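Please have the viewer open as you read.

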Amino acid sequence: MLQVYGELADDARHELEQHVARCTDCAAELKAEQDFHALLAQDRAEDPPPNLVAASRMRLLTFDPGIWLRQVRFSPALASAILILGFAGGVTATYKLYGSRSANSAAVTTTSNPSAVPSEASITGISSIVQQPGTNQISIKYNTLSTQEAQGSLNDEKIQQLLLYAARNNYNTGVRVDSVDLLAQRSGDMQVREALIYALQNDTNPGVRLKSLSALGNYVKDDTNVRDAVLRALVNDNNSGVRIEALRLIEPVKADGSVRGVLMALAAKDQSTYIKSQARTMLAQLPEID
C-alpha cells in the first residue's frame, strides 16, 4: 500500500520493484491494488450544494432529542449506527488515554535505562550502522515510534541484539551488509551463526549472502548446520558468485557423504559449465568407495 500511495522509501521501493519483476503473484497483487486506487480516483463524490450544507448545519445546531428518539424507535438501522458510533468513540477514547500512558511509560523507561536491550516487537527498522574507525565502538540508529540511537562496543548485548535484528529484518540493503560484516567478527557465537545462516538462505541481496557465506566458512568442517546451509546455497542460489564461493568452502569436507552426493549431482547435470567441471575435478581426487 505504501508503494501504491508513493510513500515507500527509495531503497525499499527499489527492492520491491526488483522482487515484483520476478514474482508473478506479488506483481498481480500490486497491479490489483494500483487499479483499485485508480478506479477510486476516477469517480470522486461531487461537493454538496452550499444551500444543503447550510441547512444541514442549522439542523445540527437545533438538535431536538425528541425527534432523534422517535427516529431511533422506528429505524433499527439508525439505532445500530448510533450504537456502533458510540462503541467506536469509547474505544478511541480508551486508546488515547491508555496509549498516552503507555507512551509516557515507554519514554520514562528509555530515559531511566538507556542501555536496556530493545525487543524486536518494539523496533520498526534500523536506519544506519557505523563503526568508529580504529575502535570497537559501534553506533546504531534505530526506529521505534521515533528514531533512537544506541552506542557501545561489539560486546554490548544491546548492540548485538540490534545487529541481529538488522541482519534479519531491515529493508535497507546497506544496513544489512554493515550488520552482517560486524556479526562476522562474532561468528563463534551460536546465535550469530544462526543469523548468518538465515541471511545466507533468505536475503534477497547477493552481496549480503556472500558476506554471510564468507563468515560461515570456518565452521563448514565442524558444524553440520553450517555445512548443510552452504550445500543448499551451492545447489539453489541464483547467483553464480555465491555458488562458486560455496563450492570453494566445501573443498575441505568433500569426502563427507552428503557433500559427495551433491558433487555427483553437480558433475552430472549442473547448468554452469565451471561448477560442473570443478565438481568433477573434486570427485576425481576422492578415493573410490568399495
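## Around aspartate 223

Not counting residues up to four places away in sequence, aspartate 223 touches Met190 and Arg193, where contact means heavy atoms within 4.5 Å. Aspartate 223 sits in the loop between helix 9 (206-216) and helix 10 (224-236). Helices here are DSSP runs of H or I with at least four residues, strands are runs of E with at least two, and both are numbered from the N terminus. With a relative accessible area of 10%, aspartate 223 is buried; that word means under 20% relative accessible area, while exposed means over 50% and partly exposed covers what is in between (1.4 Å probe, protein chains only).

This is a predicted model, in which local features need pLDDT of at least 70 and side-chain atom pairs count only at pLDDT 80 or more, while totals for chains, interfaces and linings use all residues. Residues are numbered from 1 along each chain as its sequence is written, and side-chain values use heavy atoms, with hydrogens and water left out.

## Arginine 193 and the rings

Arginine 193 also lies over the face of tyrosine 219, at 4.0 Å from the ring centre. For such a placement, NZ of Lys or CZ of Arg must be within 6 Å of the ring centre and within 35 degrees of the ring normal.

## Leucine 200 in helix 8

Is leucine 200 buried or exposed? Leucine 200 counts as buried because its relative accessibility is 3%. This residue belongs to helix 8 (residues 190-202). Leaving aside neighbours within four places in sequence, leucine 200 is in contact with several residues, among them Arg209, Leu213, Leu216, Val230 and Asp237. Leucine 216 is 16 residues away from leucine 200 along the chain, and their C-alpha atoms are separated by 9.4 Å.

## A partly exposed phenylalanine

Over in helix 2 (residues 24-42) you will find phenylalanine 36. Its relative accessible area is 47%, so phenylalanine 36 is partly exposed.

## The whole chain

The protein has 13 helices and three strands. Of its 290 residues, 29% count as buried. Among contacts with a separation of 6 or more, 48% join residues 24 or more positions apart.

The protein exposes about 18800 Å², and carbon and sulfur atoms supply 55% of that area. Accessible areas come from the Shrake-Rupley method with a 1.4 Å probe; for residues, only the protein chains shown count as cover.
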